[in-house]
Amino acid sequence: MYKLYLFEDFDSITESFLKRCIDVLPPERRQKALRYRFDIDRKMSVISYLMLLYALRENYNITNPQIAYSVYGKPYLTEYPDIYCNISHCQKGCVCVISDHEVGVDIQDIRPFSWDIAKRVCCDNELKMLECADDKARLFTTIWAMKESYGKMTGDGITGMPCADTTIVTDQIEVFENEDYIIALAVSHNLILGKEC
């Protein structure tokens, strides 16, 4: 079981509302939000965290979670080891997921394609798919989001990106997309990602 939340309407977040939200964040999250240089980045950081708080309250009646982070930045609930969560944001939206299994989520804006970047993070099977693709930017964004969601689920982050072969698990990582972004969701109960390295 998982529940996914999405927020896209950054224009509705006023500066005064954002300031009030930042003021009530835990100190470490407040500092993280305030380190961002641009308003949109602050909004994304704050909204994704508030979405997580909302999801935990709505689904588990947890109102004051103690959230810690692994070495690679994966959030976990110190008092609830059987509840898993993850957040992500990009220029077009924020996502949050909670689950009763290890979970990872990623949202990516669709950006211009680069063979240099693809060769650094894609395995041979993925590169072959990209060679044949009409829309390389969209396919690469999907591959990246799948790899990142998997790395977030395992807690390894992006360190294993070149070795993870997403062509093996296209039916096991859920992908949601629209014209502006791709969301990938990896949940541990149904996922074994092939490794090339």
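**Terms and model**

I call a residue buried if its relative accessible area is under 20%, exposed if that area is over 50%, and partly exposed in between, using a 1.4 Å probe and protein chains only. I took helices (H or I, at least four residues) and strands (E, at least two) as DSSP runs, numbered from the N terminus. The model is predicted, so local features need pLDDT of at least 70 and side-chain atom pairs count only at pLDDT 80 or more, while totals for chains, interfaces and linings use all residues. Residues are numbered from 1 along each chain as its sequence is written, and side-chain values use heavy atoms, with hydrogens and water left out.

**Entry 1: strand S5**

I looked up S5, which covers residues 93–99. Which way do its residues point? I noted Gly93, Val95, Val97 and Ser99 on one side and Cys94, Cys96 and Ile98 on the other, all of them buried. In a regular strand the side chains alternate between the two faces of the sheet. Seven of the seven residues of S5 are buried, so S5 is largely enclosed by the rest of the structure.

**Entry 2: the sheet**

I next traced the open sheet of three strands, whose order is S1-S5-S4 with antiparallel pairing. Two strands pair if DSSP finds at least two bridges between them. The edge strands, S1 (2–7) and S4 (84–90), each pair on one side only. Neighbouring strands of this sheet are turned by 10 degrees against each other on average, direction ignored.

How many bridges join S1 and S5? I recorded six, in the antiparallel sense. Tyrosine 5 stands opposite cysteine 96 in S5, and tyrosine 2 has serine 99 of S5 as its bridge partner. On the S4 side, I recorded seven antiparallel bridges with S5, where cysteine 85 stands opposite isoleucine 98. A hairpin of two residues joins S4 to S5.

**Entry 3: helices H2 and H3**

I then examined H2 (residues 27–35) and H3 (residues 39–60), whose axes come within 7 Å and cross at roughly 155 degrees. Axes are lines fitted to C-alpha atoms, for helices over the stretch in contact, and angles run from 0 to 180 degrees between N-to-C directions. This crossing makes H2 roughly antiparallel to H3, a label for angles over 145 degrees. I noted as the contact residues (heavy atoms within 4.5 Å) Arg29, Lys32, Ala33 and Leu34 of H2, with Arg42, Ser45, Val46, Ser48 and Tyr49 of H3.

Definitions and conventions:
Parallel < 35°, antiparallel > 145°, perpendicular 65-115°, else oblique.
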